[in-house]
Amino acid sequence: MKLYDGVLAPNPRRVRIFLAEKGIDVPLAPVDIGALEHKSAEFTALNPDQRVPLLIPDDGTRISESVAICRYFEKIHPEPRLMGVNAVDKALVEMWQRRV
Ligand SMILES: N[C@@H](CCC(=O)N[C@@H](CS)C(=O)NCC(=O)O)C(=O)O
């Protein structure tokens, strides 16, 4: 598994914070946005959207979108629950995510 990360960028940071709260260690692959590494042919082949974060789990699936990555980790590491347990909690989390 590898998480392509942009050190100063807010969306990758959101995923890193989520992982830290869950206590999950994921190998990071830094992508230097300032140096336009996300526009390189190598990274574009991985993510045609040319954006970070990008998660590649061991099965090789490419998951972009910070919320989708967080949902993936919530499913495979359910505890601690960070995306709500009951209907109201889940709705509130969804509402907060859509506001960013
Ligand atoms: N909706 C995406 C947005 C991803 C995104 O915009 N990432 C920024 C860094 S925070 C990026 O890669 N920007 C590079 C660019 O737009 O050229 C997500 O939530 O992951």
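Okay, let's start with the sheet: strand β1, residues 2–5, runs parallel to β2, and three bridges join them. Strands here are DSSP E runs of at least two residues, helices are H or I runs of at least four, and both are numbered from the N terminus. Two strands pair if DSSP finds at least two bridges between them. Opposite Asp5 you'll find Pro30 in β2.

Quick housekeeping: this is a predicted model, with local features needing pLDDT of at least 70 and side-chain atom pairs counting only at pLDDT 80 or more, while totals for chains, interfaces and linings use all residues. Residues are numbered from 1 along each chain as its sequence is written, and side-chain values use heavy atoms, with hydrogens and water left out.

Back to the sheet. It's open, with four strands in the order β2-β1-β3-β4 and mixed pairing.

Now the packing. The largest nonpolar core has 13 residues, and those touching the most other members are Leu3, Val15, Leu19, Val26, Leu55, Ile69 and Phe73. Helices α1 (10–22) and α3 each put in at least two residues. By nonpolar core I mean buried Ala, Val, Leu, Ile, Met, Phe, Trp, Tyr and Cys joined through side-chain atoms within 4.5 Å. A second, separate core has seven residues, including Phe43, Val52, Leu54 and Ile56.

Take Val15: skipping neighbours within four places in sequence, it contacts Leu3, Pro53, Ser66, Ile69 and Cys70, contact being heavy atoms within 4.5 Å.

So, is Ser66 buried or exposed? Ser66 has 4% relative accessibility, so it counts as buried; the cut-offs are under 20% for buried, over 50% for exposed and partly exposed in between, with a 1.4 Å probe and protein chains only. Ser66 sits in helix α3, residues 66–76. Beyond four places in sequence, Ser66 touches Asn11, Arg14, Val15 and Pro53.

Ser66 also takes us to the ligand. Of the 13 residues around the ligand, the closest are His38, Arg51, Val52, Glu65 and Ser66; to qualify, a residue needs a heavy atom within 4 Å. Helix α1 gives the largest share of that shell, four residues.

What about polar atoms? A backbone N or O of Val52 lies 2.8 Å from a ligand nitrogen. For ligand oxygens, a side-chain N or O of Arg51 is at 3.0 Å, and a polar side-chain atom of Asn11 is at 3.3 Å. The protein covers 75% of the 510 Å² of accessible area the ligand has on its own, using Shrake-Rupley with a 1.4 Å probe.

Note on methods:
Polar contact = N/O pair within 3.5 Å; in protein donor to acceptor, adjacent residues only side chain to side chain.
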